[in-house]
Amino acid sequence: WGVTARDAGCATCHGNATTTIAGTNPATTPNMLSGAHKSHIGNASAGGGFACTDCHATTVSSDTAIAANSYNKHVNKFVDYSGLYAGKNKSCANIYCHSNGRGTAVNPPTWTSGTTLDCSGCHGSTSANMTTGSHNAHLVAGATCQNCHWNTTQANSTITTVAQHINRIVGVNQGSTFKSGAVSFTGTTSCSSISCHSNGTSGTATAVTWGGTLKCDGCHPTLSAAHTVHASLNLATGVTFYNYTSNKSTGSESVNGVKYGFGCATCHPLVESTYHIDGSVEVQLDPATAGASALRQKNAAGATINADKSCDLVYCHSDGKNTMAVNGNGHAPAWTTTFAALGGDRCAKCHLNSPQTGAHDAHQVGIHYNNVFNGTSGKLAAAASGSSSHGVAGQSTTITCNTCHYKTITVSANDQNARCNTCHTKGVNGALVKGNAQIADFSFHVNGKKEIAFPTTPLKVISKAQLRTGSFSNYSGMWTRNSGIYKNSANAFDTAKTALSDSMYNAGTTTCANISCHNLRAGQTVVWTDTTVSCNSCHSSL
């Protein structure tokens with residue numbers, strides 16, 4: 001009363017988002033826009049910017065005019081809610097404006113609580129509750145809101161364009177960057193040809209379905225170069241998450257070729273949010289990496305990948321004893337080549353052939369195979385028939401890799417062995433050609449363990465290195481003499497009474513017990529790394 005210059009709008013009675021009633025003292029007369037009005041009208045960056053008509057449609061026709069024929073709705077002691085965004089009570093429960101945008105409403109604070117909402121007030125916590133569709137999978141991978149909703153938000157906590165927010169449309173827009181790489185895709189409400197779902201090398205992107213379960217093959221349907229040897233896993237079923245360390249190598253070389261199943265994180269980084277989908281291919285071989293697989297932990301300190309994509313100091317290309325000199329140059333083949341392409345003896349590229357560690361060299365071929373007395377004058381020679389020191393399985397057991405590593409390799413042929421190929425050379429001597437060794441089960445090769453296993457068909461070792469009858473009595477507890485014959489025919493040989501069995505080897509002490517080859521009686525052992533072996537080590541009763 002007494003105001004002569006009434007304003008043209010509503011602020012004279014109601015005030016507005018920033019002022020009190022005209023002509024009053026702000027200290028004693030508060031802004032008449034009660035409760036959360038200010039957040040809804042003036043807080044555009046957080047999603048406000050609504051007009052009065054959005055919630056009071058039956059009362060006003062604009063922000064400054066009472067609707068025609070609606071004066072009975074004004075100055076009637078009632079607060080009338082109506083309109084596109086109006087709630088039905090002061091808590092606005094189950095209202096679209098406070099939903100997650102996909103139909104799930106969030107009950108906000110009461111109108112007069114004074115609580116300020118952030119994005120999580122409607123959409124849920126980005127770390128726990130934003131579970132609609134594939135949101136959680138993207139958040140775990142390090143994606144942020146702006147990566148996919150660029151027209152709506154470009155800073156994850158502010159609204160870029162109010163018209164793109166709370167408009168009943170799920171706006172998907174490109175323009176952002178993800179880990180320094182431009183985010184691009186086709187479509188505004190769905191994604192295709194999206195850069196984040198490319199295979200990481202050629203840029204070819206795979207179509208994805210929002211809300212579906214995306215496994216590794218969703219982006220990596222095929223793997224390049226030596227992946228086919230190292231990771232021949234079914235990426236649709238065998239690998240279902242990023243930091244996969246499990247070794248699923250299995251199958252035989254004769255059936256599947258050379259194919260291992262090493263987990264991706266054996267060679268690639270373990271931290272998805274840091275390294276995945278960042279536009280570059282990272283290889284991380286450091287054995288000290290937290291959470292590293294058992295195979296990576298066996299790499300030598302300083303393990304790395306070279307410019308030609310060959311690996312230095314990695315366990316997988318060692319001799320199994322962490323001696324890392326492979327191929328004669330200290331590292332594995334370049335990623336784009338194979339052992340076969342390099343030619344030569346494949347086994348020797350990691351192990352030497354035969355290995356020279358421990359007692360490997362002493363176990364090659366057979367018991368005294370080149371130093372067997374013939375019973376009269378001289379020594380027995382190797383031959384494929386007759387009385388021979390080596391060459392006839394029924395007279396003398398051939399000891400090769402498969403004798404002690406039967407789970408890994410079941411064939412005895414290995415004409416690339418430096419000891420064997422003096423006779424068994426490819427293309428020479430006709431029937432003596434035996435061929436290359438092959439892996440029988442990849443789960444027992446390059447698996448971080450020394451797999452000692454004797455043949456599953458019980459093997460009782462046969463030897464032509466007979467002691468004369470008078471001395472043999474001292475060893476008759478371990479050996480049986482065939483027909484009592486000594487050195488006078490092809491039937492003159494001794495057979496171990498006890499077959500080789502896995503229980504004879506102790507992995508913890510690397511010792512063998514009760515092995516007939518060593519004339520060991522119960523309780524006696526021989527150490528694999530013993531360097532003081534002499535005749536008396538086996539023949540204590542000569």
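Predicted model: local features only at pLDDT ≥ 70, side-chain atom pairs only at ≥ 80, totals over all residues.
The chain comprises 542 residues, of which 34% count as buried, and its secondary structure consists of 14 helices and 12 strands. Among the contacts in the chain with a separation of 6 or more, 46% are accounted for by residues 24 or more positions apart. The accessible surface of the chain comes to about 29,600 Å², and 55% of this area belongs to carbon and sulfur atoms.

A search of the whole structure finds 4 salt bridges. One of them is formed by R346 and E253, whose closest N and O atoms are 2.4 Å apart. This pair links distant parts of the chain, since R346 is placed in the loop between α10 (339-342) and α11 (348-351) and E253 in helix α7, with 93 residues separating them. The two partners are described by separate accessibility values: E253 counts as buried because its relative accessibility, 11%, falls under the 20% cut-off, whereas R346 is partly exposed, with a relative accessible area of 26%. Helix α7 spans residues 253-256, and the side chain of E253 also reaches the backbone nitrogen of I439 at 2.9 Å. Residues up to four places away in sequence aside, E253 touches V258, R346, Q438, I439 and F442, a list that includes both the salt-bridge partner R346 and the residue I439, whose backbone nitrogen is reached by the E253 side chain.

A further salt bridge joins the side chains of R419 and D361, at an N-to-O distance of 2.9 Å. R419 lies in the loop between α12 (401-404) and β7 (462-463), and D361 in the loop between α11 and α12, so that the pair ties together parts 58 residues apart in sequence. R419 is partly exposed at 28% relative accessibility, and D361 is partly exposed at 31%.

The side chains of D494 and R481 likewise meet in a salt bridge, with 2.9 Å from N to O. Here D494 lies in strand β9 (residues 494-496) and R481 in strand β8 (residues 479-481), so the pair ties together parts that are 13 residues apart in sequence. D494 is buried, with a relative accessible area of 5%, and R481 is buried as well, at 11%.

Notes
Residues numbered from 1 in each chain as written. Heavy atoms only, no water. Helix = DSSP H or I, 4+ residues; strand = E, 2+ residues; numbered from the N terminus. Buried < 20%, exposed > 50% of the residue type's maximum accessible area, 1.4 Å probe, protein only. Contact = heavy atoms within 4.5 Å. Areas by Shrake-Rupley, 256 points an atom, 1.4 Å probe, with all protein chains shown as cover. Polar contact = N/O pair within 3.5 Å; in protein donor to acceptor, adjacent residues only side chain to side chain.
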